[in-house]
Amino acid sequence: MAAFNVFGIDQFPMTSLPPLPSALAALLICAAWTTPTRAGEPAHEIQEPPPEAASEAWDWCEWLSNKPGTLYKNSENPFIQEFVLGARFQWQAAHISGDDVFGDDFSDTFTDVRRFRLESSTTFLQVFKLKAIINLVDDSRFTSGGELDWGYQDFDEAVLSLDLRKAFDLEAVDALSISYGRYKFLMGQEAHTSSKELYTVERSAIVNKVYGGYRPTGFSANVGKGSWSLTGALYSTDEGSEGGNNEFIGGWNDGLAYYASVGYQANDSLKLVWDFVYNDADATDGDDSLWTYGWATSLSAHHSREKWGVILNAIYGDNGDASNNAGSNRRGDFWGVVAMPHMWIFEDKLEAVGRYQYAGSAQGQGHRTNSRYYRAEDHDGMVNSGRGNEHHSLYAGLNYYICGHNLKVQAGLEYDWLNSPGAGTRGDSDAWTWWFGFRTFF
């Protein structure tokens, strides 16, 4: 199995132009009129033109899925071998209704431009690759006082990679590369899956806790041999001068995070992945702590067959202490499991998806639900800001693939139950959320 691909964007082959049968037929008619006749043949005998070949219908889905953003590709050019553009747009809506920690009803409806990104990939000097992705929208209307803001926001990723295997003609491994830049941090199976190909509208809360949407600056090395792949990385915990981890490339003025990921392709239908990260930032000493916990580990398995598949993911970690900005009731261990079966109803078109997630923690507020949309605006503060020590979530949905993952719609119903010791009169809250998502990319 090849190593984990830090570049993230596939090749975009160009489509061919359609034939021009009408022009060809006209040319044949002109040739019939002007060709001289032989002796004994009747003069001016008009030959009927051959029947016009049926034009092939243009397949829009095929065009979209065949990566039309390749603007240049020439492997023989010693300077630039490929330049590719891509984009993704994701919109969603949700309605939530439930009971808060006081037993009172709440409900709300949201629309959300979830992601709008422009992506590029440049391969140059035969062994280098530069990947850059920018965010072009920030929709925080689901939070109190938020707004929809179009235009450049920040870099999502910016990574320069060197293919060492190709540069030094190393045959002992199947893949070997090093890279530096701003990365998408990967922890948990749903984080390893691009947002373009998620089975559910949103990732589970326990995966979002350890994944965090972090975009750290760092170095990484990737190696692959046979069925195995390994990634090792050293990240800075620096959030940048403005906070929020929104700078292009961060500095190295704070703590460090050490990361390892091992993948094993057991056979054609089973893949296993183990992830680990340790964060040594010390907030009490003034360090930025991009990670909101001390350490975490994840073990996931994805078993997929022709008609069905199932994802299993177990997560364990430590919230840390004051050095990780953790209050006394948010410290200690946390854990969780995710089980996600999926099955084709109509192959390649309509898919059913289910997900169960359980998350727990040693302290009363050691876990937190997703911001979308259980704790959106905190529903007047009545769900304890989504914090608790026990969280159950059930999701059932359908995905309709118009053009594969390149153009699809998703719909689902999710039930959440959260226990929050010491909050309100009951200490627990629950809600039902109806989901709808539109996803497209090229």
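I began at Glu 157, which is buried because its relative accessible area is 9%. My cut-offs for that word: buried is under 20% relative accessible area, exposed is over 50%, and partly exposed is in between, with a 1.4 Å probe and protein chains only. Glu 157 forms a salt bridge with Lys 131, and the closest N and O atoms are 3.2 Å apart. I call it a salt bridge when a side-chain nitrogen of Lys or Arg is within 4 Å of a carboxyl oxygen of Asp or Glu. Lys 131 lies in strand 4 and Glu 157 in strand 5 (residues 148-163), so the pair ties together parts that are 26 residues apart in sequence. Lys 131 is also buried, with a relative accessible area of 7%.

**Ground rules**

I noted that this is a predicted model, in which local features need pLDDT of at least 70, side-chain atom pairs count only at pLDDT 80 or more, and totals for chains, interfaces and linings use all residues. Residues are numbered from 1 along each chain as its sequence is written, and side-chain values use heavy atoms, with hydrogens and water left out.

**The whole chain**

I found five helices and 19 strands in the chain; these are DSSP runs numbered from the N terminus, with helices being H or I of at least four residues and strands E of at least two. Of the 442 residues, 45% are buried. Among contacts with a separation of 6 or more, 61% are between residues 24 or more positions apart; contact means heavy atoms within 4.5 Å. The accessible surface comes to about 21700 Å², and carbon and sulfur atoms hold 58% of that. Those areas come from the Shrake-Rupley method with a 1.4 Å probe, and for residues only the protein chains shown count as cover.

**More salt bridges**

How many salt bridges does a search of the whole structure find? I got 10. One of them joins Asp 112 to Arg 372, with the closest N and O atoms 2.6 Å apart. That pair links distant parts of the chain, with Asp 112 in strand 3 and Arg 372 in the loop between strand 15 and strand 16, 260 residues apart. Both Asp 112 and Arg 372 are buried. I also noticed that the peptide bond from Arg 372 to Tyr 373 is cis, with omega near -10 degrees.

Lys 307 and Glu 347 form another salt bridge, at 3.0 Å between the closest N and O atoms. Lys 307 is partly exposed at 43% relative accessibility, and Glu 347 is partly exposed at 45%.

**Arg 117**

Arg 117 is in strand 3 and counts as buried at 10% relative accessibility. Salt bridges link Arg 117, Asp 156 and Arg 215 in a network. The side chain of Arg 117 also makes a polar contact of 2.8 Å with that of Asn 135. For a polar contact I need a pair of N or O atoms within 3.5 Å; within protein, one must be able to donate a hydrogen and the other to accept it, and residues adjacent in sequence count only if both atoms are side-chain atoms.

**The disulfide**

The structure holds one disulfide, meaning a pair of cysteine sulfur atoms within 2.5 Å. Cys 61 is joined to Cys 403, S to S 1.8 Å. Cys 61 lies in helix 2 (residues 60-65) and Cys 403 in the loop between strand 17 (390-401) and strand 18 (407-419), so the pair ties together parts 342 residues apart in sequence. The link is left-handed, with -55 degrees about the S-S bond. Is each cysteine buried or exposed? Cys 61 is partly exposed, with a relative accessible area of 25%, whereas Cys 403 is buried, with 6%.

**Gln 126**

I found Gln 126 in the loop between strand 3 (105-124) and strand 4 (128-139), partly exposed at 27% relative accessibility. Its side chain reaches the backbone oxygen of Ser 75 at 3.2 Å.

Lys 67 has a positive phi of about 55 degrees although it is not a glycine, and Lys 67 is buried at 14% relative accessibility. Asp 169, also not a glycine, has a positive phi of about 50 degrees, but Asp 169 is exposed, with a relative accessible area of 58%.
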